[in-house]
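Reader: I'm new to this one and would like to get my bearings. Could you walk me through it, one question at a time?

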Amino acid sequence: MSVLVVGSVALDSVETPFGKADNVLGGSGTFFSASASHLAPVQLVGVVGTDYPLDTLQNAFKSRPIDLAGLEHADGPSFRWRGRYRHDLNTAETLETKLGVFSNFRPKIPEQFRSAPFVFLGNIDPRLQLEVLTQVAKPKLVACDTMNFWIESRRADIVTLLGHVDLITLNDAEARQLTDEANLVKAAKWIMERGPKHVVIKKGEHGAFMFTQSSIFFAPAFPLESVFDPTGAGDSFAGGFIGYLAKTGDLSEANLRRAVVYGSAMGSFAVEKFSVQRLLEITPDDIKRRVGDIHKLVNFEQEL
Ligand code: AMP
């Protein structure tokens, strides 16, 4: 089954303790697509400006099942994000966000994308995330993501959005900021009271929790020896998670738990190189092996 994603298609400039990359492919829609397309066909909706290296994007995605028919080309500068990570690779420091053509963007979902069974509203203005939902026909699952930038400027819209999604992924700091609850269990409850049946709270290198009304599941992050650039880990996690659900079409709790592990595996690949580089290199065997390694990491015999 296919996944429709609406998200940012950006040019990122990133500085980490291990190097710098300027004007590389980035954005929530880009990372999500690069990740989810290993598991299911992806339909990407977003906008780029006149300065976007479209051939680089097309070339990067040419052997992947990613339909770019919903990528609008607008007059003006592309969305640009500049960030830095110091030794704590869990926290991105945003140095600059230039919305460019994104500030006048109104997502238009192509006719052929409107019946996508899985919809992911990537990190963009929550008003646009809501607009997307008026254009799609009864998806099997709608998930969304957000970040501090939008929680600060559009909190009320995010709360409205919660009433229209089945699942949300966000990181621990965003969950605390959105709910005003320091405790993550309480924060997840606060969110579930407003709509989503599932809340996935990512904790960077410390793994991710999935909360439902009646259960809590935890998956560790894969302990990599070298993390190169954490940018896109969250979107790649979401791509692995939703991509796996779309591949299997199964929304049982057992399968959602497996999906969290696929999310963790795909997030771990994203951080091994700059931009979407590593996500474009990996093979189905690499993914299978990493999911197996995460399984081994947490498998133990309970003493009876
Ligand atoms: P993450 O997966 O959370 O590391 O997200 C990284 C991506 O988010 C980067 O590639 C940025 O281009 C993109 N990004 C940063 N700020 C924003 C924003 N305010 N709205 C949409 N996308 C953003």
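Predicted model: local features only at pLDDT ≥ 70, side-chain atom pairs only at ≥ 80, totals over all residues.

Reader: Which strand pairs with β8 in the parallel sense over four bridges?

Author: Let's start from the residues involved. Strand β8 covers residues 118-121, and its partner here covers residues 3-6. The two pair in the parallel sense over four bridges, and the partner is β1.

Reader: What is the order of the strands in the open sheet of nine?

Author: Start with the ends: the edge strands are β5 (66-73) and β13 (216-219), and each pairs on one side only. Neighbours in this sheet are turned by 15° against each other on average, direction ignored. The pairing is mixed, and the order reads β5-β4-β1-β8-β9-β10-β11-β12-β13.

Reader: What angle does the direction of helix α7 make with that of β11?

Author: Helix α7 (residues 184-192) packs on the nine-stranded sheet. There it touches β10 (167-171), β11 (198-202), β12 (208-211) and β13. Its direction and that of β11 make an angle of about 145°.

Reader: Now the sheet of four: which are its edge strands?

Author: This sheet is open too, with mixed pairing and the order β3-β2-β6-β7. Its neighbouring strands are turned by 15° against each other on average, direction ignored. The strands that pair on one side only are β3 and β7 (93-98).

Reader: In which sense do β2 and β3 pair, parallel or antiparallel?

Author: A hairpin joins β2 to β3 through two residues. Across this pair, V14 has A21 in β3 as its bridge partner. Six bridges link β2 with β3 (residues 19-26), and the sense is antiparallel.

Reader: And which residue in β6 is the bridge partner of E15?

Author: β2 also pairs with β6, over six bridges. That pairing runs in the parallel sense. Within β6, the partner of E15 is R84.

Reader: At what angle does helix α1 run to β3?

Author: Helix α1 takes in residues 28-36. The helix lies across both β2 and β3. Relative to β3, α1 runs at about 85°.

Reader: Let's turn to the ligand: which of the residues around the ligand come nearest?

Author: The count of residues around the ligand is 17.

Reader: How much of the ligand's area does the protein bury?

Author: First, two of the contacts. A nitrogen atom of the ligand is 3.1 Å from an N or O atom in the side chain of W150, and an oxygen atom of the ligand is 3.1 Å from a polar backbone atom of G234. Taken alone, the ligand exposes 510 Å², and the share of that buried by the protein is 89%.

Reader: Which element gives the largest share of the shell around the ligand?

Author: By class, the shell has eight nonpolar, seven polar and two charged residues. Elements giving two or more residues are β2 (10-16), β6 (79-84), α4 (148-153) and α8 (233-248). The largest share is three residues, and the element that gives them is α8.

Conventions. Residues numbered from 1 in each chain as written. Heavy atoms only, no water. Pairing = 2+ DSSP bridges. Axes fitted to C-alpha atoms, helices over the stretch in contact; angles between N-to-C directions. Contact = heavy atoms within 4.5 Å. Near = heavy atom within 4 Å. Polar contact = N/O pair within 3.5 Å; in protein donor to acceptor, adjacent residues only side chain to side chain. Areas by Shrake-Rupley, 256 points an atom, 1.4 Å probe, with all protein chains shown as cover. Nonpolar A, V, L, I, M, F, W, Y, C, P; charged D, E, K, R; others polar.
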